[in-house]
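Here's a quick tour of a protein model, with the cut-offs spelled out along the way. Have the viewer open while you read.

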Amino acid sequence: MPVRMSESSQVSRGKGVGLGLAIGSAIAFGGSGVAAKPLIEAGLDPLHVVWLRVAGAALVMLPLAVRHRALLRSRPALLAGFGLFGVAGVQAFYFASISRIPVGVALLVEYFAPALVLGWVRFVQRRPVTRAAALGVVLAVGGLACVVEVWSGLSFDALGLFLALGAAFCQVGYFVLSDQGSDSGEAAPDPLGVIAYGLLVGAAVLTFVARPWNMDWSVLAGTAHMDGTPVAAALLLAWIVLVATVVAYVAGVLSVRRLSPQVAGVVACLEAVIATVLAWFLLGEHLSAPQIVGGAVVLAGAFIAQSSAPAKSPAEPVASGGPERELSARGNVA
């Protein structure tokens with residue numbers, strides 16, 4: 001009996017640690033836009049901020065890339081797709097969108113991705129979708145209409161909303177790529193290695209697109225303003241690279257190794273809430289009552305859609321949680 005009690009205690013402790021890591025990851029990811037927007041308003045191009053974020057994180061994760069260099073031979077397509085869509089695409093579209101629309105709105109639009117994934121499952125993979133999942137899609141669409149206030153004739157910047165949708169579509173590509181190799185058992189690629197190489201690929205792609213040699217580097221030596229409060233630009237950049245990228249990705253991976261993908265997916269929804277609250281208090285970006293209600297409906301729809309997604313087996317996730325959690329779900333069998 002004491003042995004069993006000890007084992008049960010260890011399992012509970014492990015789940016508690018996993019929950020803490022998942023919450024920490026959501027907080028870290030949620031703070032990326034709040035830290036990036038002041039840098040953009042200080043004069044940096046959104047693509048330059050993305051490049052700084054991805055290139056800095058890639059440099060930090062370089063030792064892991066060297067450790068998992070065998071992935072270059074075994075999974076080149078996965079690494080290229082993850083870097084292009086999951087890193088460069090999602091981050092570039094998201095940061096470009098927050099330069100034109102509120103952080104909370106951009107992230108809530110991005111959370112329409114789970115509903116889009118179900119469209120891929122139903123019409124491309126031709127797999128059945130449950131009624132609950134379909135209900136989740138309907139809720140997400142209705143909530144999204146409230147977030148963007150369609151009754152006002154899209155009072156938000158149309159290009160900003162389009163860019164946020166671009167981030168959502170890139171997340172769909174990430175989800176689809178994440179499902180590749182998930183049923184390979186011990187042969188599944190290590191998620192930390194995929195993340196490391198994805199950052200390297202993303203940095204290479206963004207270097208070509210963003211052309212950082214044209215960046216106004218002097219901005220990083222000055223200060224940016226968060227709703228009128230001056231903050232060192234270098235400090236904001238350090239947060240984006242070390243906390244909102246490296247710590248966020250790694251914590252997300254480790255959390256899924258202690259929790260199920262479904263539980264981690266529920267916690268992932270906190271990212272949008274955290275980002276909205278932080279933008280409200282730190283950037284003064286207040287949302288209207290209909291937008292708050294719509295945001296809650298979007299998250300509810302995303303949760304229902306991803307938790308009700310069909311799967312032939314536990315090793316075949318379709319839309320469980322944010323992209324970091326979906327990819328790292330394979331760490332359970334790695």
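What follows goes from the whole chain down to single residues and pairs.

## Ground rules

This is a predicted model, so local features need pLDDT of at least 70 and side-chain atom pairs count only at pLDDT 80 or more, while totals for chains, interfaces and linings use all residues. Residues are numbered from 1 along each chain as its sequence is written, and side-chain values use heavy atoms, with hydrogens and water left out.

## The chain as a whole

The secondary structure comes to 16 helices and 2 strands. Both kinds of element are DSSP runs numbered from the N terminus: helices are H or I with at least four residues, strands are E with at least two. Of the 334 residues, 53% count as buried. Buried here means under 20% relative accessible area, exposed means over 50%, and partly exposed is in between (1.4 Å probe, protein chains only).

The protein chain exposes about 14,400 Å², and carbon and sulfur atoms supply 68% of that. Those areas come from the Shrake-Rupley method with a 1.4 Å probe; for residues, only the protein chains shown count as cover. As for contacts (heavy atoms within 4.5 Å), take the ones with a separation of 6 or more: residues 24 or more positions apart account for 86% of them.

## Helix H14 and the nonpolar patch

Which residues make the nonpolar surface patch of about 650 Å²? They are Leu-19, Ile-23, Ile-27, Leu-270, Val-273, Val-277, Phe-281 and Leu-282. The elements giving two or more residues to the patch are helix H1 (2-30) and helix H14 (270-282), and H14 gives the most, with 5 residues. To join a patch, a residue needs over 30% relative accessible area and no salt bridge; nonpolar side chains (Val, Leu, Ile, Met, Phe, Trp, Tyr) are joined within 5 Å, like charges within 9 Å. Val-273, in H14, is partly exposed with a relative accessible area of 38%.

H14 also has a buried set: Glu-271, Ala-272, Ile-274, Ala-275, Thr-276 and Ala-279. Thr-276 counts as buried because its relative accessibility is 15%. Leaving aside neighbours within four places in sequence, Thr-276 is in contact with Gly-104 and Leu-287. The geometry of H14 checks out too: at 1.5 Å a residue, its 13 residues should span 18 Å, and the end C-alpha atoms are 18 Å apart, which agrees. (The expected span is 1.5 Å times one less than the number of residues.) After H14 comes Gly-284, whose phi is positive, near 70°.

## Two salt bridges

The structure holds 2 salt bridges, a salt bridge being a side-chain nitrogen of Lys or Arg within 4 Å of a carboxyl oxygen of Asp or Glu. In one of them, the side chains of Lys-37 and Glu-285 meet at 2.6 Å, N to O. Lys-37 lies in helix H2 (residues 32-41) and Glu-285 in the loop between H14 and helix H15 (289-307), so the pair ties together parts 248 residues apart in sequence. Buried or exposed, these two partners? Lys-37 counts as buried at 8% relative accessibility, and Glu-285 counts as buried at 14%.

Asp-157 and Arg-100 also pair up, at 3.0 Å, N to O. This pair links distant parts of the chain, 57 residues apart: Asp-157 is in the loop between helix H9 (131-147) and helix H10 (158-178), and Arg-100 is in the loop between helix H6 (76-98) and helix H7 (103-110). Asp-157 is partly exposed at 26%, and Arg-100 is partly exposed at 42%.

Arg-53 sits in helix H3 (residues 46-60) and counts as buried, with 2% relative accessibility. Apart from neighbours within four places in sequence, Arg-53 is in contact with Phe-29, Ser-32, Gln-91, Phe-95, Ile-240, Val-241, Ala-244 and Thr-245.

Leu-62 is in helix H4 (residues 62-67) and is partly exposed, at 36%. Leu-62 and Leu-199 are 137 residues apart in sequence but 9.1 Å apart in space, C-alpha to C-alpha.

How many disulfides does the structure hold? The count is 0, where a disulfide would be a pair of cysteine sulfur atoms within 2.5 Å. Cys-146 is partly exposed, with a relative accessible area of 24%, whereas Cys-170 counts as buried at 8%.
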